[in-house]
Amino acid sequence: MSFSRPVDETLSTSTPLSDAPNNKDGLRSRRVRWGAMDLSLIAVFAALLAASIAVPGINVGPAGVAITLQTLVVVLCGLVLGFARGTAAVGLYVLLGLIGLPIFSGFRAGPAVLASPSAGYIIGFIFGAATVGLLATWAVRSRWRAAALFAAAMAGTVVIHLSGIVGFVIKGMSLPTAMLADVVFLPGDILKNVLAVIIALSLHRAFPDLLLRRSK
């Protein structure tokens, strides 16, 4: 009796086994891991977002939501750090605020903030930064970099405003009233986006690998 394997079976199993280490190496090389610099940038931008409430907000409209510099920093997180790190920085800020640090506008803190009229905007900060960061990777490679970064910033702003409108509706406003309450923030956010793009362009010019290195 013979237990030797057929020639075809031997050939069909030996090739994948020989390639397996290379495939693992390829997957490992494509996996992006955050280093100390990435974690430092996330912490710095989360701290910058917390510090932005030091500038007093301006209450507008009947909803009691103030115009602050927070949306400027949220957009900047996405433009400078990209999708993953920008989302992480804003997510860290929101998490720290919800667990008790007084870093929301008006030095508010805790989960009770989610019951306020500004809850939709706070949640929208995370999705807004993610949207800006996702588009920023494309924008910095664009021939018209400034216009592309501004378009990315406006896309994130739309996401934040939509989330804010949803928050107003959940609080009992009708949709038209919620949209009217929200639209008063739009002109200021457009100006803040212009400023965010100017800052982001300066940072990307000074540190060309700041965003593109992560997307290679």
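The largest share of the nonpolar patch on this protein, four residues, comes from helix H7, and I would like to start there. Please keep in mind that this is a predicted model, in which local features need pLDDT of at least 70 and side-chain atom pairs count only at pLDDT 80 or more, while totals for chains, interfaces and linings use all residues. Residues are numbered from 1 along each chain as its sequence is written, and side-chain values use heavy atoms, with hydrogens and water left out.

The patch itself covers about 560 Å² of surface and is made by Leu180, Val183, Val184, Leu186, Ile190, Val194 and Ile198. A patch, as the word is used here, is made of residues with over 30% relative accessible area and no salt bridge, where like charges are joined within 9 Å and nonpolar side chains (Val, Leu, Ile, Met, Phe, Trp, Tyr) within 5 Å. Accessible areas come from the Shrake-Rupley method with a 1.4 Å probe, and for residues only the protein chains shown count as cover. The elements that give two or more residues to this patch are helix H6, residues 175-183, and helix H7. Val184 sits in the loop between H6 and H7, and it counts as partly exposed because its relative accessibility is 40%; for these words, buried means under 20% relative accessible area, exposed means over 50%, and partly exposed lies in between, again with a 1.4 Å probe and protein chains only.

Let me now step back to the whole chain. The protein chain has eight helices and two strands, and along the sequence they follow the pattern α-α-β-β-α-α-α-α-α-α. Helices (H or I, at least four residues) and strands (E, at least two) are DSSP runs, numbered from the N terminus. Of the 216 residues in the chain, 40% count as buried.

Next, the salt bridges. How many salt bridges does the structure hold? The structure holds two, a salt bridge being a side-chain nitrogen of Lys or Arg within 4 Å of a carboxyl oxygen of Asp or Glu. In one of them, the side chains of Asp38 and Arg85 meet with a distance of 2.9 Å, N to O. Asp38 lies in helix H2, residues 36-51, and Arg85 in helix H3, so this pair ties together parts that are 47 residues apart in sequence. Asp38 is buried, with a relative accessible area of 2%, and Arg85 is buried with a relative accessible area of 2% as well. Asp189 forms a salt bridge with Lys192, and here the closest N and O atoms are 3.1 Å apart. Asp189 and Lys192 both belong to helix H7, three residues apart, which is about one turn of the helix, and both of them are buried.

The elements that give two or more residues to the lining are strand S2 (65-67), helix H3 (70-98), helix H4 (119-139), helix H5 (145-170) and helix H7 (186-206). What kinds of residue make up the lining of the largest pocket? The lining divides into 15 nonpolar, 10 polar and three charged residues, where Ala, Val, Leu, Ile, Met, Phe, Trp, Tyr, Cys and Pro count as nonpolar, Asp, Glu, Lys and Arg as charged, and the others, Gly among them, as polar.

Let me finish with two individual residues. Phe107, in the loop between H3 and H4, has a positive phi of about 60° although it is not a glycine, and at 55% relative accessibility Phe107 counts as exposed. Ala200, by contrast, lies in helix H7 and is buried, with a relative accessible area of 0%; Ala200 and Leu81 are 119 residues apart in sequence, and their C-alpha atoms are 9.6 Å apart in space.
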